[in-house]
Amino acid sequence: LVFGKVSLEYIIKVIIVKIKMRNLIYLSVLAGLVLFTSCKEDEQIEEELEICFELPSNTVLVGESVVFENCTEDADRFEWSVDGVFVSSNADLSFLFSKKGISIIELSAFVGSKIYKKEKTITVGTYQGLAIEKAFATESAEIRGALATNDGGLLLDYFSSDPVDIIFRYKLLKLSSSFEKEWEWIGPDRNTNFFNSTLYERPSEGYLFTKNWQVGGYTSGFLYYLDSTGTTELLGLPYREDGFNGYLELTDSLLYIGSGGFEDDYGLIIQKTDLFGNLGNRIELDFSTKSVIGYDLVESGDGFLMLGMLSDAGTDRKNEEIILIQTDSDFNIEWQKTYDFENIEPFLKIEFAQNWKLHVDDSGDVLIFTYPLVSKVDSQGDIIWRRNYNDENDFSGFARGDVERIQDFFVMSFWGNVIALNSDGTERWRLEVRNSTEQLEVIDNEIIVIGNKGRTVNGEAVSGTDVVLYKINSSGSLIAF
């Protein structure tokens, strides 16, 4: 069939070509739209999910339960695995490691059909297998004091003894901010035991420290200046029979608290010095027929609150009690309260008293730390609560304890244990460190535990003890050095 000069067959071919071209344009547009939409969806998913989680620390211990906190947002669900094994679908992971080594922690986050993964490694070890503890070889060390220094380090006070020759040797050990030994000062040998000491960093270079030792029937407290290289100078022996157990730093002075008198008649004394160790006034509080040894004092109201041990005068030191004394700014007694020792063995009371301390909280209530008794009293000395750790935990060993405040709670050391205590007397956490825990210091919101441990050489126990340190975070986990 022909229409003029154009055949019907030609017309049909033209129509088919145009239809194909149009479909090709449609298909190209459609493909472009699909590709654009797909890219936009991928971009949105990548932008809306960032998977993350926090390690409790870089190093944990075998047998220690730790928590891995999940900070991922907008995921539908989670899965945790440890060393390739699924362990939990909770948002956060609480896990107890049973073997040492390097473990891989993996978090998977699910959004629809999408899976996002992130992994981190953590070191798991034991006390012996990791740098969890830091030990310093000494001669049968017994820790007596510690001071966190302004350079981020520590000044440690201890003494060693020779049981054969009955020689006592007093020492100071200065550690840097990385807890490496800077210097050690070794005092003269003596044939009498050392008792309490105090450490204070002066506003300018150097330190002040006091050391008590027994001479005949009385205890003498010596005041020294120590420069930043470990060279000492004896500043004075204020009174032949005085001994110092604690101090309070004021704006322009120090108030040392202790006792004065012979062994059958102690009186509570306050010795004032300026911030450089120059001696000032001496105040003695009279308790008539009673003997009082002062251990700590804090500012309270318009005066001072003092902690001591009260007993009958005489060599037997009978009827001992804990005494809390409130004075005005001129040291006139306003009130005093006494508290019993419950069932603490008599011969241990004076030894436990080495680190007695007071802490006033934000409400004005007072924590009384009289190892192993811990009490909270109000501003008039009335007991709010009291805990006897000798009964609760059998912490009856011959050792000292300490207490420091960190954040909004107190942390205490008891016979190889470190315990965090809330203001209402409940425990926040507890950690056993397996060695003695004599002193505590807080540096950069970390708890430094100072104690003693038995000495070993090539894994074998030998005679003597070493000074040992531990670091603990505010959650109660050990931190590697």
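1. Terms first. Two rings of Phe, Tyr or Trp (its six-membered ring) count as a pair if their centres lie within 6.5 Å. Planes under 30 degrees apart make the pair stacked, planes over 60 make it edge-to-face, and the rest are tilted. The model is predicted. Across the whole structure, a search finds 12 aromatic pairs.

2. Take W185 and Y224. Their ring centres are 6.3 Å apart and their planes meet at 55 degrees, so this pair is tilted. The pair links distant parts of the chain. W185 belongs to strand β15 (residues 181–190) and Y224 to strand β18 (residues 218–226), 39 residues apart. Both W185 and Y224 are buried.

3. Y224 also pairs with F209. This pair is stacked, with 4.8 Å from centre to centre and 10 degrees between the planes. F209 lies in strand β17 (residues 207–215) and Y224 in strand β18, so the pair ties together parts that are 15 residues apart in sequence. Like Y224, F209 is buried.

4. There is also a ring cluster. F53, F68, W80, F95 and F97 are linked into it by ring pairs. Two charges sit over rings as well. The charged end of R77 is over the ring of F110, 3.8 Å from its centre. The charged end of K337 is over the ring of W335, at 5.8 Å from the ring centre.

5. Now the overall picture. The protein has three helices and 39 strands. Of its 481 residues, 49% count as buried. Among contacts between residues at least 6 apart in sequence, 48% join residues at least 24 apart.

6. In soluble globular proteins, nonpolar side chains tend to be buried together. Here, the largest nonpolar core has 19 residues. Those with the most contacts inside this core are F68, W80, L93, F97, I105 and I122. Two or more residues come from each of β5 (65–70), β6 (77–82), β8 (93–96), β9 (101–111) and β10 (114–125). β9 gives the most, with four residues.

7. L93 deserves a look. Leaving aside neighbours within four places in sequence, L93 is in contact with V66, V67, F68, W80, V82, V87, S88 and I105. A second, separate core has 18 residues, among them V298, I322, L324 and V366.

8. How many of the six residues of strand β33 are buried? Six of the six residues of β33 (residues 409–414) are, so the strand is largely enclosed by the rest of the structure. Both of its faces are covered. F409, V411 and S413 are buried on one side, and F410, M412 and F414 on the other.

9. β33 pairs with two strands. With β32 (residues 402–406), the pairing is antiparallel over five bridges. R405 has F410 in β33 as its bridge partner. β32 and β33 form a hairpin with two residues between them, and Q407 in the turn has a positive phi of about 55 degrees.

10. V411 stands opposite A420 in β34. The hairpin of β33 and β34 has two residues between the strands. In that hairpin, W415 takes a positive phi near 45 degrees.

11. Next, a glycine. G381 is found in the loop between β30 (373–377) and β31 (383–388). Is G381 buried or exposed? G381 counts as buried, because its relative accessibility is 2% and the cut-off for buried is under 20%. Not counting residues up to four places away in sequence, G381 touches L324, W335, K337 and Y339. The C-alpha atoms of G381 and D365 are separated by 8.6 Å, and the two residues are 16 apart along the chain.

12. Two further loop residues need checking for backbone geometry. F179 has phi near 60 degrees, a positive value in a residue other than glycine. It is in the loop between β14 (167–175) and β15, and at 5% relative accessibility F179 counts as buried. F331 has a positive phi of about 70 degrees although it is not a glycine. F331 is in the loop between β26 (321–327) and β27 (333–339). F331 is buried too, with a relative accessible area of 13%.

Conventions. Residues numbered from 1 in each chain as written. Predicted model: local features only at pLDDT ≥ 70, side-chain atom pairs only at ≥ 80, totals over all residues. Heavy atoms only, no water. Buried < 20%, exposed > 50% of the residue type's maximum accessible area, 1.4 Å probe, protein only. Lys NZ or Arg CZ within 6 Å of the ring centre and 35° of its normal. Contact = heavy atoms within 4.5 Å. Core = buried A, V, L, I, M, F, W, Y, C linked by side-chain atoms within 4.5 Å. Pairing = 2+ DSSP bridges.
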